[in-house]
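Subject: Structure for your review

Dear colleague,

Please find the structure below. My notes on what was found in it follow directly after.

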Amino acid sequence: MVLRAVVFDLDGVLALPSLFSALDRAAEELVLPSGFLNKAFNKEGLGGSTVRLMKGEITYCQWVSLMEGDYRKYSEESGICLPKNFSVSQIFGKALSAKEINRPMLQAALTLRKKGFTTGILTNNYLDDSTRRGHLAQLMGELRPHFDFLIESCRIGMAKPDPQIYRFMLDTLKASPNEVVFLDDVGANLKPARDLGVVTILARNTSTALQELEKVTRMQLLETAAPLPTPCKPSDMSHGYVPIKPGVHLHFVELGSGPAVCLCHGFPESWFSWRYQIPALAQAGFRVLAVDMKGYGESSAPPEIEEYSMEVLCKDMVTFLDKLGISQAVFIGHDWGGMLVWNMALFYPERVRAVASLNTPFIPANPKVSTMEAIKANPIFDYQLYFQEPGVAEAELEQNLNRTFKALFRASDEVFLNTRNVREAGGLFVRTPENPSLSKLMTEEDIQFYVEQFKKSGFRGPLNWYRNIDKNWKWSCKSVGRKILIPALMVVAEKDKVLLPEMTKHMEDWIPNLKRGYIKDCGHWTQIEKPNELNQILTEWLKTDARDPPLVSML
């Protein structure tokens with residue numbers, strides 16, 4: 001019979017280091033005999049406190065109290081003197097909180113699931129009421145969405161190696177034993193499954209285990225490209241609406257808890273452009289607020305051009321924070337959203353915990369040369385001049401929304417739009433196909449989401465962002481001489497044809513503590529073209545620079 005399901009253990013397989021190896025290291029540090037901590041941990045058999053813990057009969061803190069006595073009793077029976085600083089709570093707390101996801105094993109699971117295998121986790125787990133319980137919650141929260149099912153011993157009252165739990169697993173899968181592969185790092189946990197007819201793999205070494213898994217599934221699992229992160233779905237998200245002033249509200253989606261992170265998209269996009277980042281940043285320990293910027297999606301789209309000046313847009317974001325009771329947020333922006341977040345850092349630094357821009361450089365206003373003059377002098381920005389006359393670009397962009405978004409959202413090696421000589425050509429899409437092919441960045445479902453969003457209020461609001469260039473320049477001139485000294489990150493995309501990486505080369509003159517991220521082979525749509533690379537850059541930066549507000553100025 002053909003294999004159709006792969007089930008992974010948690011400890012020692014999907015999460016490393018294993019508890020057993022961590023306990024052996026702890027024994028070595030405490031100058032205890034090799035294997036002492038593991039032997040005592042497993043000594044009491046099926047009726048012991050550890051089994052009771054795994055079955056959910058007692059909580060972790062109850063178990064710690066019992067194990068303190070068990071270890072002291074076992075040490076006396078063994079003639080071993082425990083050190084004065086011996087503490088079950090500290091030993092196990094340190095071991096359990098050191099666990100991290102085994103990325104190669106998770107990647108293999110994701111590959112198998114993508115190829116049509118049912119995947120699951122079968123784990124001896126416990127009810128964690130310790131002070132470090134957030135670590136287990138975060139670990140499980142990150143893993144759970146990537147698997148079809150999760151069986152935790154403490155939820156069902158049975159634990160490995162009891163044969164009942166494997167029958168429960170098969171019932172959950174609705175599969176025959178010989179259709180299932182099970183990986184565990186403990187041989188005793190594999191035998192009952194193997195006796196039932198399940199294919200088993202002893203996973204004490206990740207590389208060796210993956211080689212065996214490749215053989216039995218006939219799938220390439222080693223050295224495969226990292227799969228895309230799991231995007232969030234609009235129907236699964238918590239949606240909110242914040243009144244800004246009479247007749248104007250901002251829509252946002254929210255996920256996670258912790259310091260607030262405000263995601264600000266560009267043109268012509270949506271909160272949905274952050275679909276790959278929202279789960280990753282929430283999982284990293286942040287409260288993510290992805291906003292439909294004014295003029296877009298379910299946010300209000302007033303027709304007046306002045307409603308979209310940078311001064312008004314920044315004031316809107318301050319009101320947005322006020323209405324949500326948020327004193328300070330990290331602001332991350334892309335494209336026009338990048339322009340907005342730099343201005344938030346310049347004009348409202350007290351509300352900005354940290355600031356990051358994707359693709360959009362920080363270029364301080366030059367009182368001697370207006371921004372409009374600079375745009376006219378750079379042929380790359382001719383499309384912005386085409387956007388100036390109300391109604392003209394709207395007509396072209398709204399004529400066939402399906403074509404518009406298929407033409408715009410393309411990878412760096414698929415681009416056929418040219419932003420030069422747009423006015424002379426008579427439009428942005430004059431030289432593009434009537435029915436563009438679907439980009440590898442998008443699914444048809446993704447395209448239809450944008451189509452439906454822009455059916456609501458069209459392109460007037462989004463294009464109005466471009467129609468305040470002189471007003472924005474005059475406002476920006478008020479900030480001449482200011483530096484940005486709060487934590488800041490600039491992420492450039494190597495192959496963005498409009499927001500060129502070299503435009504960022506003098507930013508340290510104005511942001512002396514700037515950190516940088518560089519993404520190779522990436523065009524303008526950074527969040528969807530290279531989501532793994534971007535997520536890594538953002539999460540690392542957030543954890544180091546945005547977790548806690550600085551106590552002193554960074555002068």
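In these notes, a contact means heavy atoms within 4.5 Å. By that criterion, and not counting residues up to four places away in sequence, Phe331 touches Cys262, Cys264, Met317, Leu321, Val341, Met344, Arg351, Val352, Ala354, Val355 and Ala356.

This is a predicted model, in which local features need pLDDT of at least 70, side-chain atom pairs count only at pLDDT 80 or more, and totals for chains, interfaces and linings use all residues. Residues are numbered from 1 along each chain as its sequence is written, and side-chain values use heavy atoms, with hydrogens and water left out.

The predictor's confidence in each residue is pLDDT, on a scale from 0 to 100. The protein averages a pLDDT of 93, and 97% of the residues score at least 70. Over residues 550-555, however, pLDDT stays under 50, and the model has six contacts beyond four places in sequence for that stretch. Where pLDDT is low, the predicted coordinates should not be read in detail.

Phe331 also belongs to the residues with the most contacts inside the largest nonpolar core, which has 112 residues; Ile278, Met317, Phe320, Ile332, Leu340 and Trp342 are the others. A nonpolar core is a set of buried Ala, Val, Leu, Ile, Met, Phe, Trp, Tyr and Cys residues joined through side-chain atoms within 4.5 Å; buried means under 20% relative accessible area, exposed over 50%, and partly exposed in between (1.4 Å probe, protein chains only). Helix H14 (residues 336-347) supplies the largest share of this core, eight residues. A second, separate core of 58 residues includes Phe92, Ile101, Ala159 and Leu221.

Helices (H or I, at least four residues) and strands (E, at least two) are DSSP runs, numbered from the N terminus. Strand S4 (residues 118-123) has five of its six residues buried. Two strands pair if DSSP finds at least two bridges between them. S4 pairs in the parallel sense with strand S1 (residues 5-8) over four bridges, where Val6 stands opposite Thr119.

Finally, Gln328 lies in the loop between helix H13 (310-324) and strand S12 (329-334). Gln328 is partly exposed, with a relative accessible area of 22%. Its side chain reaches the backbone oxygen of Glu350 at 3.0 Å, a polar contact (a pair of N or O atoms within 3.5 Å; within protein, one must be able to donate a hydrogen and the other to accept it, and residues adjacent in sequence count only if both atoms are side-chain atoms).

Yours sincerely
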